[in-house]
Protein chains: 2
Amino acid sequence: MSAPNGVRVLLDAFLSGKRAALARAMSIVEDSRPECDELLAALHSRFGRGRRIGITGPPGAGKSTLTTLLVKQFREQGLQVGIVAVDPTSPFTGGALLGDRVRMESVALDPGVFIRSMATRGSLGGLAGTTRELCDVLDAFGMDRILIETVGVGQSELEITQTADQSVVVLVPESGDSIQTMKAGLMEIADIFVVNKADRPGADRVKSDIEVMLGLRGGHALGGDPAHHGVDLKNLRRIANPGKAARNAMANPEAAAWTPAVIQSIGTTGQGVSDLASALERHFAYLERSGTLAVRRRTRLRQRVVDVVEERVRRRLWMDAPTNAWLDGQMPKVESGEATPFAIADALLARSGSLLTGDRR
Amino acid sequence: MSAPNGVRVLLDAFLSGKRAALARAMSIVEDSRPECDELLAALHSRFGRGRRIGITGPPGAGKSTLTTLLVKQFREQGLQVGIVAVDPTSPFTGGALLGDRVRMESVALDPGVFIRSMATRGSLGGLAGTTRELCDVLDAFGMDRILIETVGVGQSELEITQTADQSVVVLVPESGDSIQTMKAGLMEIADIFVVNKADRPGADRVKSDIEVMLGLRGGHALGGDPAHHGVDLKNLRRIANPGKAARNAMANPEAAAWTPAVIQSIGTTGQGVSDLASALERHFAYLERSGTLAVRRRTRLRQRVVDVVEERVRRRLWMDAPTNAWLDGQMPKVESGEATPFAIADALLARSGSLLTGDRR
């Protein structure tokens, strides 16, 4: 890649469908190598054909198994599938991840499937940015479905949602008690809920709790005191509705709003996976019909420009030796209390005009 | 606060030690209200006296109980204590948090203690920034010890570590199996390890696993096959050492390196808490003696300036109506593939010189 036409050679192989070139392009983007921008710019006009499906949920919910089963369904339809598995590893979580990946091996040898697993640690912004761009590369390669699988820990699942066209939240019967704590967050994220491991006790209750939360069932229909179900109905509805309503209104007020599907599945037997596949199909038809797809993609693309601008600013400022030397020279004043970080920041920006606009590089 | 001298009035009350003024200042900073910069600038020369102690660990490790006990120790020494409890709430975690806060109530009524609890959801960068600045406010108010308690989920604990002078990682006997997955992350973070709930089975093994990981014990001394302990010794040492070594070398190569203390505690009886307090004391003495404290604080302050610069850039660009209108006007070209996000980003920066330098506002 050090040759001046390295990207061009790679692109030729990529565009003629060589998997080795796809793998190499993915690595360039994942590692943010210098040729990354050139590569993405060259592929830019080929984005937007694949459907991006986010799959998130707590550790141990069976996301990888479901993803694998879903991939098999897509493959039976003759679709090409790309998978980005994101593990925002915490020092305190992440034990089962290796096992998950091993389970996914059953589809990894299929030439119509490409899997990239990222065990990322570090800046979260970087994680989301890279994920989005990895999806772009898979999209440009011609993948019909792009699955983004991520463990729901911290803010990551929200960011991944911003990356996907459709988002699936996978829960298990044991999630029942925490549905109240999840409430608003989940409502913002999920287009489709899957209650996996539905052969375990509590699966029906979790499903009906979610339906109550979505306003699909009254608390009364549940036949009891709502508090008994561990869900604060009034509060949940109040929190849940504005986001959805606003999102739908933004797209097309005429279109009927999407009501998240709630599906039960059993990963070990494959039960419910075809329900999930058809719910994804129905939801995608809604996205197109309502104009929501166009809005989501426009929003994502605009955010991409914003991110590139901020990345450029950071690179131009903090990789500039004179600027760093100047800042180092100011630090004793900041440490002594003589100058504030705010004053130094203003002075730094005041002297960085041509650096920021790109006139001096 | 709408009066032009609102901050001045607040500062007078703050500097004369009024708790209501402290609470108000904390809220201004937490919510990033407009007067936030002015307030922090006015307090800037008063930072740097309190010791900042980060306490992190998995959910359910007993961090709040330990924090409460530690606060009581500090209070017996006549020290003023501030606490910032950060909960980076995930939709999938966070169930026990309320209970933790209630437990902390036993010190909350003490006038020498100030607690601010943040259940933050959203941008992680914002979380770390605000935490650091809340600590600054507590520091300026005259708190001798500032405890930052955070659940270890995702990247947050690393960022909190950058905020603290000293970092305590709380584990439990059940953490044993996951020590291998934690390895490098924990090594970077912890100045002191606490194995809490040490009356449960496995506490001694977790302690010795940590000591092996730290190179305090050979695998041989454990009397068995290292694999038997679920810890890949060679790999752990390789990963663990460079970071520590580099950090120490940065400070003062002459000073003996700090070897993390490993303490056992029982939150319910208070056993081990005085060990923790004296380990913190020994570690702080090391920080001062070795010059590491000065390095950590200088690094933190420089990062603060960098953050303020980037925040100013974001505000100047994205709160500027003409810039947003211009970007909106470019989006159709980006959507059609006619222009790339990179080209538009460059063009945006090229036209934003006076905006970024602050000449036009």
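Start by selecting B:Leu214, in the loop between helix 9 (203-213) and helix 10 (233-251) of chain B. Helices (H or I, at least four residues) and strands (E, at least two) are DSSP runs, numbered from the N terminus. B:Leu214 counts as buried because it has 21 C-beta neighbours inside 10 Å. The term buried means 20 or more other C-beta atoms within 10 Å of a residue's own, exposed means 12 or fewer, and partly exposed lies in between, with C-beta atoms placed from the backbone. Leaving out residues up to four places away in sequence, B:Leu214 touches B:Thr259 and B:Pro260; contact means that C-beta atoms, placed from the backbone, lie within 7 Å.

The model is predicted, so local features need pLDDT of at least 70 and side-chain atom pairs count only at pLDDT 80 or more, while totals for chains, interfaces and linings use all residues. Residues are numbered from 1 along each chain as its sequence is written, and chains are lettered from A and ligands numbered from 1 in the order in which they are written.

**The sheet of chain B**

Select the strands of chain B next. Seven of them form an open sheet with parallel pairing, in the order 3-2-4-1-5-6-7. Two strands pair if DSSP finds at least two bridges between them. Strand 3 (113-118) and strand 7 (261-264) of chain B are at the edges with a single partner strand each, so one side of each has no neighbour in the sheet. From one strand to the next, the twist averages 20 degrees. Axes are lines fitted to C-alpha atoms, for helices over the stretch in contact, and angles run from 0 to 180 degrees between N-to-C directions.

Move to strand 2 (residues 81-86) of chain B, which pairs with strand 3 of chain B in the parallel sense over six bridges. Along this pair, B:Gly82 has B:Phe114 as its bridge partner, and B:Val86 stands opposite B:Met118. Strand 2 of chain B also pairs with strand 4 (residues 145-151) of chain B, again parallel and over six bridges. There, the bridge partner of B:Val86 is B:Thr150.

Show the side chains of strand 2 of chain B. B:Val81, B:Ile83 and B:Ala85 point one way, B:Gly82, B:Val84 and B:Val86 point the other way, and all are buried. With six of its six residues buried, strand 2 of chain B is largely enclosed by the rest of the structure.

Helix 9 of chain B lies across strand 5 (166-171), strand 6 (192-195) and strand 7 of chain B, at about 175 degrees to strand 7 of chain B. Helix 11 (residues 273-290) of chain B lies across strand 1 (51-57), strand 5, strand 6 and strand 7 of chain B, at about 170 degrees to strand 6 of chain B.

**Helix 14 of chain B**

Select helix 14 (residues 341-350) of chain B. Its buried residues include B:Pro341, B:Phe342, B:Ile344, B:Ala345, B:Leu348 and B:Leu349. Viewed down the axis of helix 14 of chain B, the buried residues fall within an arc of 165 degrees, so they line one face of the helix; the arc is that of the directions from the helix axis to the C-beta atoms. Which helices do the buried residues of helix 14 of chain B pack against? They pack against helix 3 (36-43), helix 12 (292-318) and helix 15 (353-357) of chain A, together with helix 13 (321-336) of chain B.

**Chain A**

Switch to chain A and select strand 6 (residues 192-195), which runs parallel to strand 7 of chain A and is joined to it by four bridges. Here A:Phe193 stands opposite A:Val262. Helix 9 (residues 203-213) of chain A packs on the sheet and touches strand 5 (166-171), strand 6 and strand 7 of chain A.

Colour by pLDDT, the predictor's confidence in each residue, from 0 to 100. Chain A has a mean pLDDT of 80, with 74% of its residues at 70 or more. Confidence in chain A is lowest in helix 10 (residues 233-251), at a mean of 38, and highest in helix 11 (residues 273-290), at 97. Residues 220-254 of chain A stay under 50. For the complex, the predictor gives an ipTM of 0.78 and a pTM of 0.76.

Key. Contact = placed C-beta atoms within 7 Å.
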